[in-house]
Amino acid sequence: LESSLLTQPWASVCFGKSIFLAKVCFRDTGYILLISDLSSVWYESADAEAVGQRSKELNKRLTVHVSSFLHRLCNLMCPLLAGQPDAATSFSCHHTAGGLRLHVKSELSGLPFYWDFHCCPAPVEMVSRHLVQPLIRMSLALQYQVQELTSLLLQKDAEIEDYRESGAALSRDRLRTEPFQEKMFQQNFMAEVRSSAS
């Protein structure tokens, strides 16, 4: 389940006034949920036996197979993460002494349907695999892309300057651009990053 979770994208979700990043993977054998407020990371991994036991405690009037229960949970969580939550379903989030509890309230076969995700702090290795390593890889890829684009812009400026020195002129003056200033661009970019972070 966790290896499958690695392929799932993070999604932004809002519970009350709190914004979280979350990703989840469901199978007939259970599920794994990873959720973060960018200060802490929590997770829950539950197999079919644990899901069956908790569903009996929370939904005494429902008698459905565990795989159907998991399928229903998937149909509630996946649209939420895709930004299209079911209007008939409510989600709430509560911090507990040892972690985070996500409460789901909906319907199944015309009966009330409840579920609680009991999330505990994620191990450092899991945080590294799912959050830190992908962020570092993406940061390095973006740095490389910026270097390539900077090089291309400087080449284009040199090409334009060569045209000008050869006597070429713009037919439309509004297309004129200033030469790219790499140092100024980087300073302005870092200033914007700091202001948005604060």
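Visitor: How many aromatic pairs does the count come to?

Guide: This is a predicted model, in which local features need pLDDT of at least 70 and side-chain atom pairs count only at pLDDT 80 or more, whereas totals for chains, interfaces and linings use all residues. Residues are numbered from 1 along each chain as its sequence is written, and side-chain values use heavy atoms, with hydrogens and water left out. Rings of Phe, Tyr and Trp (for Trp, the six-membered ring) pair if their centres lie within 6.5 Å, with planes under 30 degrees apart counted as stacked, over 60 as edge-to-face and the rest as tilted. By this rule, the number of aromatic pairs is 11.

Visitor: Why is the pair of Phe15 and Phe91 classed as it is, and which parts of the chain does the pair tie together?

Guide: The ring centres of Phe15 and Phe91 are 6.3 Å apart and their planes meet at 40°, so the pair is tilted. Helices (H or I, at least four residues) and strands (E, at least two) are DSSP runs numbered from the N terminus. Since Phe15 belongs to β1 (residues 11-15) and Phe91 to β5 (residues 90-95), the pair ties together parts that are 76 residues apart in sequence, namely strands β1 and β5.

Visitor: Are Phe15 and Phe91 buried or exposed?

Guide: The classes rest on relative accessible area, computed with a 1.4 Å probe on protein chains only: buried is under 20%, exposed over 50%, and partly exposed in between. On that scale, Phe15 and Phe91 are both buried.

Visitor: What kind of aromatic pair do Tyr31 and Trp115 form?

Guide: Tyr31 lies in strand β3 (residues 30-36) and Trp115 in strand β7 (residues 111-121), so that this pair links distant parts of the chain, 84 residues apart. With 6.4 Å from centre to centre and 80° between the planes, the Tyr31 and Trp115 pair is edge-to-face.

Visitor: With which side chains does the side chain of Ser106 make a polar contact?

Guide: Ser106 sits in strand β6 (residues 100-108) and is buried, with a relative accessible area of 7%. A polar contact is a pair of N or O atoms within 3.5 Å, where within protein one must be able to donate a hydrogen and the other to accept it, and residues adjacent in sequence count only if both atoms are side-chain atoms. The side chain of Ser106 has such contacts, at 3.0 Å with Arg72 and at 3.0 Å with Thr89.

Visitor: Which residue has a positive phi although it is not a glycine?

Guide: The residue lies in the loop between β3 and β4 (41-47). At 65% relative accessibility, Leu38 counts as exposed. The positive phi, about 70°, belongs to Leu38.

Visitor: How many salt bridges does a search of the whole structure find?

Guide: A salt bridge is a side-chain nitrogen of Lys or Arg within 4 Å of a carboxyl oxygen of Asp or Glu. Among them, Arg164 and Glu161 meet at 3.9 Å, N to O, and Asp173 pairs with Arg176 at 3.2 Å. The search of the whole structure finds four.

Visitor: Which parts of the chain does the salt bridge between Arg129 and Glu2 tie together?

Guide: The closest N and O atoms of Arg129 and Glu2 are 2.4 Å apart. Arg129 is partly exposed at 32% relative accessibility, and Glu2 is partly exposed at 23%. Because Arg129 lies in α4 (residues 124-165) and Glu2 in α1 (residues 2-5), the pair ties together parts that are 127 residues apart in sequence, namely helices α4 and α1.
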